[in-house]
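User: I would like to go through this structure and ask what lies behind each term. Please set the values against the definitions.

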Amino acid sequence: MARSLIMQQRRKRYQKMVLLPLIGSMLLILGPALFLQLYLSFNFYSIYSSGWWEAEWYALDIFIDVLKDTRFHASIFRSLLFATISTIGCFFIGFGLALLMYRNFRLQWFYYIIFIIPMLTVPIVIAYTAEMILYQKGPLNGILSMIFDREMMIMWITNPDIALFTVMLMEIWNWTPFSFIIMMAGLASLPKEPVEAAQILGASRLKIFFEIQLPLLRPIIILALVLRFLESMAEFPKTWAIFQGGPGTSTETIPVYIYLNTWYYFDWSKAAAMSYIVMFLMVVIILGAIKILQKENKRINQYQSN
Amino acid sequence: MNTAISTTALMALPKMATAGGHSNVNQKIIEAAKSAGTADLKGIIWALYYSPMQASCEKFAELTGTNFKDIKDISIFVAPPAVVAEGVAKSPEFDLFHINSNMIPTLASIGMLEELDPYMDEVGFEYNAVGTFDTFMKYKGATYGMPTDGNVHTQYIHWATVEKNASAYEDKFGKSPTWPGTWEEEIEWMNFFAPPSKASENDYYGSMNLRNRANGATWWFMQLYSAGGFTFDDDMNPTMTSDEAVYAWETYMKYKEVSHPEAPGWGTPQMIPRMTGGKVFSGQYWDGIIPQCENPEISKTLGEWKYGLVPGSDFSGKRIYRSISDPLGALLVNKHSPRKALAAYLAMWLTTESESEAIVADPKNTFHDPWAKSHMTSDMVAKSYTSSGVASIQQNLQVASPPIYLTGYMEFTDILNKNLSEAYVGSISVSEGIKKTQEEFGNIVKKTGKRKLKAELESYKAVMPTVDMPA
C-alpha cells in the first residue's frame, strides 16, 4: 500500500518534471502573442492610430459584434462542415489502408512510402497541381468521362455548390496518411492474446474485428478523429491559393475570414476576437474528447483487469 | 498671378519640365546620392519587377556606391499586408517598397511613407507622365511614389477573327466593323464574332475579362466611371444604389453570356495562355500582355491582335471612356528607414527617362509598362509593344482611373469583389449584391472615419482623368 503510494507520487513528480518545462516554454513563446490578442479583442485598435496602447476600451462590444456577424456564422458553419466530412473521409480511407497494411508482407515498405507521400507534399504544391487537374477540360474530368462513358464537365473550381467539396477532396488526399499512420500504430499495439483466444474458439475475422479489435481501438480512433478535426478547422493554404474564399463566398471558411479581417480589412481587434471565439470552440471540443478518452481508458483497464 | 495659392495646391500642380535635359537630372541625382553616403538598400519587391530594374540598380551602385540587391521577393498582389506590418511596427528594416500605388492613402495614413517632394525639388526631378498619371503618386498634395509601371487596361481584339467575318458583319449590321465604342457594342461584337452557342465546340469564347473573386471589381470600376458615376458622394455616402452603379452591375453581369463558364475561378495564369493561344476574342486587359501576344517565341497569335481604347459608355448622355490602373507598381520610401534619402534618390533614378525607358522596354520581363511621354516615342519601347500597342497605351493612360483611392482601399475592393462574385455565380441576386455593397461600404466608412475619408476625397478625385476621351 505504502509502496503503491510512493509509486503514485513518483509518477506525478515525473509528469510535472516533463510537462513543466514544456508548458513554460510554450507560455514564453505564445504568451506575449496571446496577451496582445486578448488586449486587442477588448480594445478597438486601428492601424492608423499611433500606438498599441491608444486602443479604445470596448469591453465586450467587439465580441458581441463578432457573434452578431452573419458572415462569421456562415464561415463557422462552412469550417465545421469541411472539417467533419474531410475528417471522416481521411479516417475511413486511412483505417482501411492500415487494415491492409498492418501485417507484414512482401514489399510492405514500398506501399508504406507511397501511402504517406501525400502528407509529405507541401499544401501549396497540392493546391496548384490540383487546380490544373481539376479544370473542366482537365485530366480528372477526362478520366471520369472514360469511366462513365459520357462527357463529364464538372466545374470543380468554379461551381459555388461544389467548390468546398473540392477542397475537402484535396484535404482528404493530403491528410489520409496521417490517419493511416495513427491507425497502423494502433493496430500494431493491440494485444495478441484476445485475438488468438477468439481464433481458437472459432470466431470469424469479421467477428474478431468488430467485437475485439474495434473496441480496443476506440481510444486511438477518437484521438485520430479529434486531431484530424482540429487540423482541418485550421486549413488555409489550399483554400486560399485556389479560391481566396470564392467563388462568391462558398469557400470562405473561418481561417479565410480571419485572414481577410486581419490583412485585407486591417481590423485586428475583430480578428483577435474571432480567433478567441474559435479557440474557445476548439477547447470545448478537446475537453469533450478528453472526457471520452478517459472513459474509454477506464473501460479498457477494467476489461484487461478482468 | 494669384499669390494666394496654398502650398498644398502648389505641390499638387504638375512639376514643370526643367530646361537643360534629363541627363542633367540624372547627374544631380547621382551627386545628391553620393553626398548622402553609401548603403546597401533593402526592399520588398516582386522578383518579376526587380529583374528588369537590376541593370539600372547596378549602374546606380557603380556611380554612387549604394546597392539595391537585398530584396524580399513578394508578389505585388500579396505585398500590402507585409508592408502594412512593417509600417505598424515602425520597422527600419526595409528602405523601399514596390507596391500597388493605390495603397498610398492607407500607408500614408499609417505614417510610414516618406514625402518625396523635397528630394524631387533638390534635383529638379519631374515625372513627365502621360495624362494625369503622376497624380496616382500623390496624396493630400504630397508625393509619395515613383512609378515604374504604367499598368493600364487596354482593349484587345483578336482582329484575325474580325477580318475573317467582316463581310458577314457588314451584311448583318450594314456597316464595317471599326472598333467597339461602348460596352454594349463590345458585347454585341462578342456575340457575333464568338457566338456563345459555338463557344464550347470551338473552345473560342468572347470575353477575356477576369471574373474571379480576386480581380472582377477592376473591370466593374471602368463601367461605373464611364457611366459618369463615382463611388461616394461629397458627404462620403456610398453611391452603390445610384443609376450609374446599377448600370455598372448590370453591364458587368451581361458579360457572363460571352465568358467561359470557368471564368469565376480564373486569374491571369489561366487567361494569358488563352489570349496568346487565340482562344478568346476580346476584352480589356493589363497592357503588359501586349509584348507577350507579339512575342514570336511564345505567342501562337502573333500579328493577329489589334489594341486600342477600352469601350466607353453613353449612359450619362455623353460618351465617356474610362480605363483603370490597378495594380500600379510604384516605389515608395520607408519613412522609418535611416537610409530613406538614398532610397529616395534610387527611386528617382529608376524613374528618370533614360532608366525607366530600359525598364519598361524589357521584352521578356513585361511587368513594367510604359507611362512617361518619352516612352510613347521610344523605338525601344515600340519594339516590345509594337507601335499600335504603344498608341493604345497612350490613349488609355489619358483616361486611366484608380479603383478606390482612399484609406481602406483593400477592404472596399474586397467587399465589392465578394459581392460581385456572389452575384456572378448566382449565389445572390444582383439587387442583393448592390444592397449588400451599399451597406458594407457604409460600415467601412463608419469604421475608418467619415471625416478622415472626406478629407481624402480631394486626392481621390484629383487622380481621376480630366478628359472624357483621349486626344
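User: What is the order of the elements of chain A from the N terminus on?

Analyst: The elements of chain A run α-β-β-α-α-α-α-α-α-α-α-α-α-α from the N terminus on. That comes to twelve helices and two strands. Helices (H or I, at least four residues) and strands (E, at least two) are DSSP runs, numbered from the N terminus. The model is predicted, so local features need pLDDT of at least 70 and side-chain atom pairs count only at pLDDT 80 or more, while totals for chains, interfaces and linings use all residues. Residues are numbered from 1 along each chain as its sequence is written, and chains are lettered from A and ligands numbered from 1 in the order in which they are written.

User: What share of chain A is called buried, and why?

Analyst: Buried residues make up 29% of the 306 residues in chain A.

User: What makes β3 and β14 of chain B a pair?

Analyst: DSSP has to find at least two bridges between two strands. Strand β3 (residues 96-100) and strand β14 (residues 329-333) of chain B have five bridges, in the antiparallel sense, and therefore they meet the definition of a pair. B:Leu96 stands opposite B:Val333 in β14(B).

User: Why are β2 and β6 of chain B called edge strands?

Analyst: The open sheet has five strands in the order β2-β1-β3-β14-β6 (chain B), with mixed pairing. β2 (67-72) and β6 (145-147) of chain B each pair on one side only. From one strand to the next the twist averages 30 degrees.

User: How do you know the direction of α5 of chain B relative to β3?

Analyst: Axes are lines fitted to C-alpha atoms, for helices over the stretch in contact, and angles run from 0 to 180 degrees between N-to-C directions. By that rule, helix α5 (residues 79-88) of chain B runs at about 140 degrees to β3(B), lying across β1 (40-44) and β3. Helix α16 (residues 340-351) of chain B also packs on the sheet, and its direction makes about 155 degrees with that of β14(B).

User: What makes a residue of chain B count as touching chain A?

Analyst: Two residues are in contact if their C-beta atoms, placed from the backbone, lie within 7 Å. By this criterion, 20 residues of chain B are in contact with 19 residues of chain A. The largest share of that side of chain B, six residues, comes from α20(B).

Definitions and conventions:
A residue is buried if 20 or more other C-beta atoms lie within 10 Å of its own, exposed if 12 or fewer, and partly exposed in between; C-beta atoms are placed from the backbone.
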